[in-house]
Amino acid sequence: MKIELFEMERMQSTWENVVDIDLSESGVRAVSLRELVELGFDLTGVLDTPLSYSQGNGTVELRQLLSRHYTGSSIDHIEVTNGTSEANFIVSLNLIREGDEVAMELPNYMQMWGLTRSLGATIRTFRLRSDNAWVPDWKEFDEALNEKTRVLYLSNPNNPTGRVLSRKDMERIVQRCDEMGTWLLADEVYQGAELNCGRTPSFWGMSDRVIVTNGLSKAYGIPGVRIGWIVGPRAVVQECWTQHDYTTICPNKISDVIARTAVHPDNREKLFARTRAILREQLPIISEWVSSFDGLLEVSEPEAGAFCLIQYKSDLSSAELAERIRVNQSTLIVPGSQLRLENCFRLWFGGPREKLLEGLRRIRTELNQIL
Ligand SMILES: Cc1ncc(COP(=O)(O)O)c(C=O)c1O
């Protein structure tokens, strides 16, 4: 298998630590080790931990804690991975074969786009409709998902729209997957990053064809430890472990310990509350900024997630716009084109406030010349 370039990730990994201001991120600003110590993380305890290999599928302690968040699951339903991206990767390696069909909602995080194509499968897409509050286009959905569809991939809450599926829509999706014998791969990494609505329900438990992936990177605010997980039927999870033996063998030992602090039910709620507070405080900055452009910009405010989509009125492609802003203003945004959208860009508002304000000031300087 030759893996194709993941355009957005490469753009981010090339520039995010080089530019003055990075507004291309998607999670809430990262938690420090000190904050984790305040939540009970035993920093001095890890000083004596031998840096041996950790348990390949995640320590029993961590999987026990995780299983508390997925009713009816046990440690055998869970595989701990190096980030949600490895979780998606090994589920794909396990399930997708050359010639298979994979259905995918768009816009979306494009990892599964590149992976599916690299594995030799065909992608059938359906849109979340910008003219209908990002509800799936059900006609396209029914066409995309048929008896040949091996896997359906979606992110809920969705990156980049920040939309959360209604319970009714979730049921409709699960029912169709059941009817077609399709695996539903639900990437729930933004669960817990809701601004005003209640907690996004998990697809877990809605059918025995559901596989959930999640991780610490977004709603928990801990991307740097690279911990993710898969929750699925025992047999599938066992097979995923087989792939894991080839990719990274095991999660990082210290990360597994940190994750135990983060996913402990009390701490999880505290971390999600921290996320919500930051997002609620900072989204109005974006709304005000957008309205000061007198209709030349329009923002699609997320229900969850630390990013929003901003539509602009100009013939300039989103790729050119983002490149101009990077080169002239040393500020990084995600062009819509990298998310299969046009005339828009994705903006991160979950970072440090001063950086956000300065980034917006710089983007305005550029937009004033373009719009
Ligand atoms: C929907 C989605 N899934 C997975 C990832 C990757 O997450 P992780 O850092 O946990 O590997 C991202 C990152 O932006 C994402 O948006």
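This report describes the overall build of a predicted model and then some of its salt bridges.

The protein chain contains 13 helices and 14 strands, and its C-alpha atoms fill a box of roughly 55 × 55 × 40 Å along the principal axes. A compact globule of 371 residues would have a radius of gyration near 21 Å, so the 20 Å of the protein chain agrees with that expectation. Of the 371 residues, 58% count as buried, and residues 24 or more positions apart account for 73% of the contacts with a separation of 6 or more. The accessible surface comes to about 15,500 Å², of which 49% belongs to carbon and sulfur atoms.

| Glu4 | Arg117 | 3.0 Å |

Glu269, in helix H11 (residues 265-291), and Arg199, in the loop between strand S7 (183-187) and strand S8 (210-215), link distant parts of the chain, 70 residues apart. In this pair Glu269 is partly exposed at 37% relative accessible area, and Arg199 is likewise partly exposed at 34%.

Asp256 and Arg260, by contrast, both lie in helix H10 (residues 253-263), four residues apart, about one turn of the helix. Asp256 is buried, with a relative accessible area of 0%, whereas Arg260 counts as partly exposed at 24%. Elsewhere, salt bridges that share partners join Arg127, Arg129, Asp131, Asp137 and Glu140 into one network.

Methods. Residues are numbered from 1 along each chain as its sequence is written. This is a predicted model: local features need pLDDT of at least 70, side-chain atom pairs count only at pLDDT 80 or more; totals for chains, interfaces and linings use all residues. Side-chain values use heavy atoms; hydrogens and water are left out. Helices (H or I, at least four residues) and strands (E, at least two) are DSSP runs, numbered from the N terminus. The radius of gyration is taken over C-alpha atoms; the globule rule is 2.2 Å times the number of residues to the power 0.38. Buried means under 20% relative accessible area, exposed over 50%, partly exposed in between (1.4 Å probe, protein chains only). Contact means heavy atoms within 4.5 Å. Accessible areas come from the Shrake-Rupley method with a 1.4 Å probe; for residues, only the protein chains shown count as cover. A salt bridge is a side-chain nitrogen of Lys or Arg within 4 Å of a carboxyl oxygen of Asp or Glu.
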